[in-house]
Amino acid sequence: MELFRLTAHELHDKLRAGEITSVEITQSVLERINAVDSKIQAYVTVVEELALEQARIVDVHLRDGDPLPLLAGIPVSLKDLICTKGIPTTCSSRILQDFVPPYDATVAQKLNDQQIVMLGKLNMDEFAMGSSTENSAFMVTRNPWDLERIPGGSSGGAAAAIAADAAICALGSDTGGSIRQPAALCGIVGMKPTYGRVSRYGLVAFASSLDQIGPLTKDVTDCAWMLNAICGHDPMDSTSVNLPVPDFTQSLVQDIEDLRIGIPDEYFIEGMESDVERRVREAIAELEGLGAQVVRVSLPHSEYAVATYYIIAPAEASANLARYDGVRYGFRAEETTDLIDMYKKTRSKGFGSEVKRRIMLGTYALSSGFYDAYYLKAQKVRTLIKQDFDEAFEQVDVIVAPTSPTGAFKIGEKVDDPLQMYLSDILTIPANLAGLPGISIPCGLTLQNLPVGLQIVGKPFDEETVLRTAYTYEQNTDHHKQRPTLE
Amino acid sequence: MMPRITMDEVLRVAHLARLEFDDTEIEVFTYHLGEILDYIGKLNELDTTDVPPTSHVLPVCNVIKTDKAWDSYAREVVLENAPSAEEGHFKVPKVID
């Protein structure tokens with residue numbers, strides 16, 4: 001049996017029934033990585049020995065009949081910006097190429113508490129800045145559905161690994177769509193929880209008012225399992241919210257008859273691929289057929305979301321990335337004349353051009369004389385965007401839309417045109433600006449055989465209704481079972 | 001509409017951000033930043049005079065930790081990632097002559 005093809009919950013059932021061992025699962029996924037990763041290039045680091053050692057420990061506990069957490073013995077991989085004690089955490093950047101964190105991120109610790117098997121670290125756009133994973137300093141990850149195409153980004157390594165069955169579950173981060181967009185383009189499930197739901201302690205910061213960690217998985221059930229593992233208040237992150245965390249598996253029910261689903265006109269934009277629109281409209285009809293009431297809603301300020309985001313995110317990034325100075329950790333340039341020269345040469349050689357572009361944009365927007373025109377203006381428009389959602393959610397329970405206006409584009413297609421690249425996140429950015437939970441689930445393929453993602457956005461801290469809608473759709477369709485052939 | 005960002009302004013911002021660029025890079029950066037800022041200028045279509053700014057979506061403020069000491073990392077553990085260290089300190093190029 002090809003164990004690497006299974007979901008976490010399927011593997012869990014087989015583990016507990018004594019049909020398989022965690023070592024067998026781990027070996028199966030490691031072999032899969034060896035077989036396919038030269039094609040897709042999803043992994044920055046694979047920790048084979050550690051993984052097998054962790055699997056052996058779980059197997060001993062299983063043999064002894066010890067009580068174990070749900071995810072025990074299941075291999076999980078992390079986007080390479082989540083700090084892992086003793087395992088390099090590079091952010092796919094030259095500046096952190098040799099960085100080995102002395103501590104675990106809270107989410108990594110929570111997964112260790114679950115006794116998962118850590119497989120390795122996944123490629124990404126450098127510092128999570130990008131929509132295609134082409135901005136990695138190390139390599140370009142490829143879409144398993146078409147190796148000439150990008151997997152989306154910035155969690156492109158995570159999405160590609162899940163789609164290629166080279167990981168069972170993964171964690172990514174989503175600042176403007178970096179979980180949902182690659183999940184859509186690779187035909188898997190990816191969820192950004194509500195801002196504040198998951199601790200960011202140990203997540204390398206990009207834009208602190210937007211960043212959120214979330215799972216990338218093969219189905220909605222695994223997504224709920226991962227959420228159960230990682231959500232919750234953490235005193236180490238002052239933005240993590242002290243609210244009770246529901247058991248998300250309780251939302252895995254097929255029942256949307258009481259739901260009102262809002263379809264925002266503004267999300268069916270000019271330039272959207274007709275196949276993408278078709279698949280999404282079919283999915284909406286399916287949801288209606290399953291009993292939900294579908295209503296049109298308006299989010300009138302949607303068209304300003306990208307412009308707002310490209311002030312706020314770079315401004316916050318320019319402050320967050322000031323810490324890379326070649327003093328305490330990371331790369332330092334050689335042969336410099338003085339301290340300032342050392343800073344400049346270190347940062348100029350250590351960062352790639354997209355990261356520099358965003359630092360420049362953010363520094364400019366925050367610089368004396370421009371603050372009101374850019375940063376304050378963007379914060380005000382952010383209020384309008386958030387109010388749009390508040391008003392829509394007075395009428396509906398969830399909002400359903402496409403995740404991305406197009407399928408996966410070709411490698412190199414947008415690298416020389418940053419603005420076009422930015423616009424590929426046009427449908428995911430608003431949920432980050434408003435702090436809302438959102439999921440992308442597969443809803444079919446384009447005529448070019450590329451996956452299309454259906455986005456479901458919920459009210460703050462109402463991941464449950466998002467999951468219930470996603471689960472009901474998934475259980476009544478077969479899209480999540482489709483896998484690329486990887487020829 | 002604001003005038004397009006100039007090469008001199010880009011150089012000034014680069015210094016503030018502690019970055020440096022060669023002549024070709026500066027040209028490309030000036031062009032791309034100009035394009036992006038033009039697009040961002042779209043925000044001026046909206047009258048936001050009476051709109052309060054949102055810096056953060058959560059209604060939280062002043063999260064305070066209990067005033068209690070706890071163990072931190074050992075000095076040598078922290079210095080392990082330093083590009084240059086000596087006698088228990090981070091080492092940097094000479095700052096004062």
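Predicted model: local features only at pLDDT ≥ 70, side-chain atom pairs only at ≥ 80, totals over all residues.
Helix 8 of chain A, spanning residues 274-289, contains 16 residues, and the distance from its first C-alpha to its last is 22 Å, close to the 22 Å expected at 1.5 Å a residue. Its buried residues are A:Asp275, A:Val276, A:Arg279, A:Val280, A:Ala283, A:Ile284 and A:Leu287. An α-helix has 3.6 residues a turn, so residues three or four places apart point the same way. The partners against which the buried residues of helix 8 pack, which also belong to chain A, include strand 7 (260-264), strand 8 (293-297) and strand 9 (398-402), together with strand 10 (438-445), strand 11 (451-458) and helix 15 (463-475). Just after helix 8, A:Gly291 adopts a positive phi of about 115°.

Elsewhere in chain A, A:Thr26 is located in helix 2, which covers residues 22-40. Because its relative accessibility is 0%, A:Thr26 counts as buried, the cut-off for this class being under 20%. When residues up to four places away in sequence are left aside, A:Thr26 is in contact with A:Ala51, A:Leu52, A:Ala55, A:Pro75, A:Val117 and A:Leu119.

In chain B, the residues B:Tyr73, B:Val78 and B:Phe90 make a nonpolar surface patch of about 250 Å². B:Phe90 belongs to strand 2 of chain B, which consists of residues 89-90, and this residue counts as partly exposed because its relative accessibility is 32%, a value that lies between the limits of 20% for buried and 50% for exposed residues.

Notes: Residues numbered from 1 in each chain as written. Chains lettered and ligands numbered in written order. Heavy atoms only, no water. Helix = DSSP H or I, 4+ residues; strand = E, 2+ residues; numbered from the N terminus. Expected span 1.5 Å × (residues − 1). Buried < 20%, exposed > 50% of the residue type's maximum accessible area, 1.4 Å probe, protein only. Contact = heavy atoms within 4.5 Å. Patch = residues over 30% accessible without salt bridge, like charges linked within 9 Å, V, L, I, M, F, W, Y side chains within 5 Å. Areas by Shrake-Rupley, 256 points an atom, 1.4 Å probe, with all protein chains shown as cover. Salt bridge = Lys/Arg side-chain N within 4 Å of Asp/Glu carboxyl O.
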